[in-house]
Each structure stands twice: as C-alpha cells, then as structure tokens.
Amino acid sequence: MTEDQQRLAEVTVTAQKPLVKVEIDKLTYSMEDDPEAQTNSTLDMLRKVPMVTVNGDDEIQLKGSGNYKIYLNGKPSNMLSSNNASDVLKSMPASSVKHIEVITDPGAKYDAEGVGGIINIITTKNALQGYTGNVRAGASALGRYYGGAYLSTKVGNLGVTGNYNYHYQNMPWNDLESFRESYETDGNPRSVLSQNGRNRYRGPFQYGSLEATYEIDFLNLLSLGANIHRGNSKQRSEVGVSGIDLMEEYRYRYDLNTDSRYTYGAMDMNLDYQHSTSKPDELLTVSYRFSHSPSDNDSYIRVDNVENYEGYIQKNINDASTNEHTAQIDYTTSFIENHTVEVGAKYIMRQSKSHTDRFYLDGYVPDEVDFRDANSDFRHTQHIYSAYLGYAIKYKSFGFKTGVRAEGTALNVRFAYAPETNFDKNYYDVVPNGTVSYQINMAQQIRLGYNMRIYRPGIWHLNSYIDQTNPDRVSYGNPLLNLEKSHGINLNYSMFTQKFNLNASASYRFVNNAIVSYTFINTDQNGRTETTFDNMGKNNNVGMFLYARWNPIPLFNIYMNGGIDYTDIDARANNMSNSGFSGRLFAGSQIYLPKDFRVDLNGGFFTPWIELQTKRSTHYFTSFTLNKEFLDKKTNGFAGCTKFILENI
C-alpha cells in the first residue's frame with residue numbers, strides 16, 4: 001500500500017441569507033445581510049422593509065398609516081416620535097443597525113399605543129473583544145451638510161457603543177402660493193384670499209447615542225444608555241396678501257414678513273437590569289427611563305405696506321416641553337416545553353407644559369403691549385399604569401399567542417390664567433390581542449391576528465398655543481382631546497426560498513373616535529383660517545401590501561415593496577367626510593460588478609394620502625448609486641459611494 005497526497009483546487013461556496021424572517025407576531029428585515037446598509041442611512045433602508053413606506057418628503061407610513069410607534073432596542077423612545085423620526089433616522093447609519101422588526105400584531109407585553117403597529121430598530125452590539133468603527137461625511141445640492149462617527153468596543157465584561165452625527169440644513173428659497181375661495185351656505189361666493197411669496201429655513205440638528213453594558217456574571221447584565229436629538233430651525237418668509245370681501249365689496253392687502261425659530265428634539269436616558277437563569281427561556285428585566293422633549297417656538301411678525309388693513313408688529317414666545325418617567329418590570333418563563341408565559345407591570349408619568357408670551361407693538365410704537373389668552377399657560381399631566389399577561393404555545397405546525405393588557409390613565413389639566421376651565425379625566429381600557437399561525441412547510445407560513453390599539457395625543461396635539469405666524473392662517477392644539485381607540489385584523493402569507501422571497505398581507509382597521517386635524521373659517525376673527533384637532537372622526541381602512549425579492553443569480557437581484565388601501569373618513573359632527581384609494585410603490589435592483597463595484601437602482605411612486613380636507617400631489621423619485629469597496633472585506637473596509645437622485649414632487 002502506498003500513500004498518495006493530492007492538493008485540491010480552491011472551492012468557493014456562495015450563498016445568500018434570507019433578508020426577511022417571519023415569526024408568529026412580527027417580521028424581521030436583516031440589515032447585516034443587505035450590502036446597501038453599509039452606505040445608506042436607516043431612513044433609506046426603511047423603504048425596503050415590508051409594509052413600511054417612506055415617500056419623497058421622508059414621511060414614514062406603516063401599513064399605509066402615519067399612526068405608529070418606533071421602538072429602539074425594544075423600548076419606546078420619544079426621540080423617535082412621529083414628528084422627529086425622519087430627522088433622527090437620516091442621521092443614523094444603517095451599518096449601526098442589526099435588524100428592523102415590523103410588529104403588526106403587538107402582544108400584551110407592548111404598550112397599547114401605536115395604532116398601525118410598531119417598528120422596532122435593533123442596533124448592533126460588539127460581542128467580540130476589540131473594537132470597530134467608521135466615520136462619514138456628505139453634502140447635498142439642496143444645502144445639506146453632514147458628518148458623523150460610530151465606535152463600538154468591548155474590553156472584558158464591559159461593552160460600549162457610541163454614535164454621533166451633525167447635520168446642517170440651509171435650504172434655498174421656496175416659492176409659496178395659496179388661493180382660497182369662501183362660500184355662503186346658499187352657494188354664493190363670499191370672499192377671496194390670495195397669498196404669494198417665498199420662504200426658506202436653515203439650522204443645525206444633532207443626533208447622538210451612547211450605550212454601555214456590563215456583564216456582572218453569566219446570568220446578570222447591567223445596561224446604561226442615552227440618546228439625544230436636538231435641532232434649531234430658523235425660518236424666514238416674505239408673503240404678499242390680498243383679499244376681497246365680495247359681500248361688502250371690501251378690498252385689502254398687506255405684506256407679511258416673518259422670522260421664526262423652532263427648537264425640537266428629545267433626550268432619553270435608560271437603566272436596565274437583566275437576570276436570567278439556567279432555564280433557557282426564563283428572564284427577569286427591571287427598567288427605568290427618563291425622557292425630555294422640548295418644543296419651543298419664537299416668532300417675530302411684521303405687517304406693513306398695508307391698504308385698508310391695520311399694520312402692526314407682533315412678537316410671540318412659546319416655551320413648551322414634555323418630561324416622562326417610566327418604570328417597568330417584565331418576567332418571561334416556560335413552565336412546559338413549547339408553552340411560554342410573560343407577565344409584567346409598567347408606570348409612566350408624563351408631564352407636558354406650555355407657556356406663551358405675546359407682545360404687540362401697535363402702530364409701531366416702541367411700547368410693548370403684553371397680551372395673554374386664557375390658554376397662554378397650561379399644564380397637562382398623565383399618569384399611565386398598566387399590567388399584562390401573555391401566553392404562547394407551539395404545537396407541531398401551529399402557533400398560538402394571546403394576551404390581555406390593562407391600562408389606566410389619570411389626566412390632569414390646569415390653566416394658570418383661567419382656573420375655572422381646569423379639569424381631570426380618568427380612562428381605563430382592557431386591550432386584548434390574539435394571533436394564530438400555521439407553517440405550511442419550511443418555506444411558507446400563514447397567520448391571522450387581531451389587536452386593539454390606542455393613541456394618546458402628544459404635546460403637538462394638546463398645545464393650545466396659537467401660532468399666528470400667518471395672521472390669516474393660524475393653528476393650535478386642543479387640550480380637551482381624548483385618547484383614540486382602534487381595532488384591527490391582519491392576515492399574512494409569507495414564502496421565503498433561496499432565490500425568491502414573498503410577503504403578502506391584508507388588513508382591516510376601524511376607529512370610532514379618531515383624532516382628526518381639520519380647518520375652518522372663523523367669522524368672529526375677520527374670516528381667518530384656523531386649524532386644530534378634535535375627536536370627531538370615524539375611520540375605516542382596508543389595505544393590501546406586498547413585498548417581493550428575486551435573486552435569480554448571485555450577482556443580481558430585484559425587489560419591490562408597496563401597497564394599496566381604501567380609506568373612508570367620516571366626521572359628520574362637522575358635516576365633513578372623505579374617502580378614496582391611495583397607493584405606494586418602491587422598487588429597485590442591485591448589480592454586482594467586478595473589482596468589488598456595486599450598482600444600486602431605486603425608485604418610488606406615491607399617490608396622495610386620503611385625509612379629511614386636504615389632498616397632496618402625486619410624486620415620484622429615482623436614485624442611482626455606485627459603490628466601491630476600498631479595503632479588504634475581512635477588515636470591515638469602508639465602502640464609498642456616489643449617489644444621484646432625481647425627484648419630482
């Protein structure tokens with residue numbers, strides 16, 4: 001017998017992990033396995049996540065709804081509230097995100113807030129000893145400049161992850177045009193109001209996060225985190241206004257010049273302790289979180305060059321903010337194989353305040369006249385207490401998850417200048433949910449779920465400060481708003497193979513006391529247009545959503561993500577209603593070229609959302625990105641890109 005040795009040629013095995021994974025109550029999109037995440041922001045990548053759409057104005061929808069919650073690492077974050085989310089996610093590099101979960105059927109463990117569901121962003125953690133990081137910078141032809149850095153390190157039992165981004169926006173002048181016709185109840189025209197001018201805004205905003213974890217031992221983990229997003233926007237507008245009162249044959253005109261400053265953002269701090277046991281599914285978590293959200297607004301208004309109108313100078317100073325304290329305890333265990341129980345309790349104290357100082361300089365006299373409305377100073381306090389019980393079982397190809405959450409709200413509203421209007425309210429809601437799934441085979445699954453959700457109005461809904469930046473078009477909140485309740489049914493089918501991914505879903509949701517923004521003409525205020533909120537809507541929505549990805553060969557793939565829905569809004573108390581279809585589509589492809597080049601082609605098309613009184617224009621956008629890996633992939637090389645965007649709105 002003789003020994004024979006032969007050297008085999010090098011063998012390369014190429015396989016692509018599925019980007020989407022479906023579980024009994026959620027869908028997960030893996031950022032780590034999508035190469036575009038190395039050069040895009042998290043907001044850009046959201047366009048590719050099933051059932052999530054982002055239009056050309058960077059407005060996010062979940063299942064066609066703008067009413068949802070965004071979590072960060074499984075916890076609510078005021079920094080990612082619906083009015084801040086786009087700016088923050090633009091600043092967050094997608095390379096710092098591990099995956100994004102779309103929770104369309106939230107279980108009892110999650111807060112009942114968020115009508116459309118929950119988008120949960122899970123950031124990366126450095127599990128290995130050592131460090132990793134990157135720096136980035138960019139600019140836009142629209143006057144946007146940004147830069148940032150990301151660093152993650154682990155030394156022994158201590159892990160630290162930090163991320164900082166600075167953006168400065170210097171938008172060019174935009175043209176403004178508005179035309180309004182008002183009619184009497186008999187259909188005869190009453191007045192015409194025309195406004196023409198321009199505006200621009202500029203200012204910085206910053207986003208930063210820091211998280212430290214310490215493994216006390218194998219079963220105990222301590223985490224400390226902080227997130228901050230802060231922006232200051234300065235806006236200037238120059239508008240010429242002319243009006244005709246046809247009933248009284250009265251004409252007027254004036255020039256409106258406004259300088260405004262807005263402060264916005266949020267700051268979150270959280271402390272968590274986790275204790276696990278020798279049982280694989282047993283976990284106890286105790287958490288505390290503090291959040292501060294400023295919302296200040298200063299404006300300087302000058303009305304001059306008047307004709308049959310009263311000129312004046314007005315200065316408004318509004319100081320508004322929300323502070324929130326949250327304490328929570330959660331416990332999960334499996335007492336029998338494939339049977340899981342979760343239980344917990346939570347308390348939130350949410351304090352919102354608003355104080356307004358308004359000064360008039362009548363006739364341009366230097367003496368300031370201080371003017372205060374009854375709602376110029378108010379305090380809004382919520383005490384939210386909840387407890388939940390959830391149960392899940394998996395039997396062969398079937399999965400079942402159900403639970404119930406009890407939430408109580410104690411509301412306290414105080415007006416400093418009108419104490420006779422003070423009031424207190426108490427709410428108590430039992431929020432059920434249930435989901436059943438069936439795994440057809442290893443690649444296919446179908447599930448059906450029901451959930452009830454609520455929506456509590458935020459400071460931007462409640463703030464009764466009257467924004468008179470434009471004296472003929474004012475806006476303000478309503479401190480008397482009640483929380484909104486909705487009921488939803490979701491049906492989902494998924495199929496994921498090596499080359500083809502598909503997720504299709506249908507949903508029906510109805511709300512009987514929807515918080516609706518509406519506009520009316522106040523004849524007691526010289527016919528000015530006023531916009532505010534009220535619980536006056538009945539909203540029914542039916543939607544269908546489709547995500548597909550085809551990877552015929554390893555070097556090429558195409559994908560699409562979109563949906564269509566029908567909305568019926570009825571506000572009979574104000575004799576208003578609207579209904580119709582709306583749709584959205586985002587599609588693209590990736591082409592891998594020699595020498596580590598990659599081409600990304602993307603485009604989106606959006607029809608107007610259906611709202612009670614307004615209609616937006618249809619718009620589309622397209623983008624082309626060329627990427628090149630500069631360093632060895634094994635060393636986490638930096639990926640550079642050149643990106644061109646064509647947008648039509």
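Visitor: What should I know about the model and the numbering first?
Guide: The model is predicted, so local features need pLDDT of at least 70 and side-chain atom pairs count only at pLDDT 80 or more, while totals for chains, interfaces and linings use all residues. Residues are numbered from 1 along each chain as its sequence is written, and side-chain values use heavy atoms, with hydrogens and water left out.

Visitor: OK, strand β7. Is it mostly covered or mostly open?
Guide: Mostly covered: β7 spans residues 97–103, and six of its seven residues are buried. Buried means under 20% relative accessible area, exposed means over 50%, and partly exposed is in between, using a 1.4 Å probe and protein chains only. Strands here are DSSP runs of E with at least two residues, helices are runs of H or I with at least four, and both are numbered from the N terminus.

Visitor: Which strand does β2 pair with, and in what sense?
Guide: β2 (residues 27–30) pairs with β7 in the antiparallel sense, over four bridges. Two strands pair if DSSP finds at least two bridges between them. In this pairing, Y29 stands opposite I100 in β7.

Visitor: And how many bridges join β7 and β8?
Guide: Six, again in the antiparallel sense, with β8 covering residues 118–123. There, V102 stands opposite I119 in β8.

Visitor: Changing topic: where does T322 lie?
Guide: T322 lies in strand β18, residues 312–336. T322 counts as buried because its relative accessibility is 7%. Its side chain makes a polar contact of 2.9 Å with the side chain of S352.

Visitor: What's the rule for a polar contact?
Guide: A pair of N or O atoms within 3.5 Å; within protein, one must be able to donate a hydrogen and the other to accept it, and residues adjacent in sequence count only if both atoms are side-chain atoms.

Visitor: How many aromatic pairs are there?
Guide: The count comes to eleven aromatic pairs. One of them is Y252 with Y254, whose ring centres are 6.4 Å apart with planes at 10°, so the pair is stacked. The rule takes rings of Phe, Tyr and Trp (its six-membered ring) with centres within 6.5 Å; planes under 30 degrees apart count as stacked, over 60 as edge-to-face and the rest as tilted.

Visitor: Are Y252 and Y254 buried or exposed?
Guide: Y252 is buried at 15% relative accessible area, and Y254 is buried at 0%. Together with Y309, Y252 and Y254 form one aromatic cluster.

Visitor: Which ring does K48 sit over?
Guide: The charged end of K48 sits over the ring of Y559, 4.4 Å from its centre. R198 lies over the face of W173, at 3.7 Å from the ring centre. The test asks for NZ of Lys or CZ of Arg within 6 Å of the ring centre and within 35 degrees of the ring normal.

Visitor: How many salt bridges are there?
Guide: The count comes to 26 salt bridges, where a salt bridge is a side-chain nitrogen of Lys or Arg within 4 Å of a carboxyl oxygen of Asp or Glu.

Visitor: What does R236 do there?
Guide: R236 meets E238 in a salt bridge at 3.3 Å, N to O, and meets D259 in a salt bridge at 2.7 Å, N to O. The D259 pair links distant parts of the chain, with D259 in β15 (residues 250–276) and R236 in β14 (residues 220–245), 23 residues apart.

Visitor: What about R414?
Guide: R414 forms a salt bridge with D424, the closest N and O atoms being 3.2 Å apart. That pair links distant parts of the chain, from β22 (residues 398–415) to β23 (residues 423–439), ten residues apart. Elsewhere, salt bridges that share partners join E113, D268, R289, E324 and R350 into one network.

Visitor: Last one: what is phi of N308?
Guide: Phi of N308 is near 55°, a positive value in a residue other than glycine. N308 is in the loop between β17 (296–307) and β18, and it is partly exposed at 49% relative accessible area. N338 also has a positive phi, about 70°, although it is not a glycine; N338 is in the loop between β18 and β19 (339–362).
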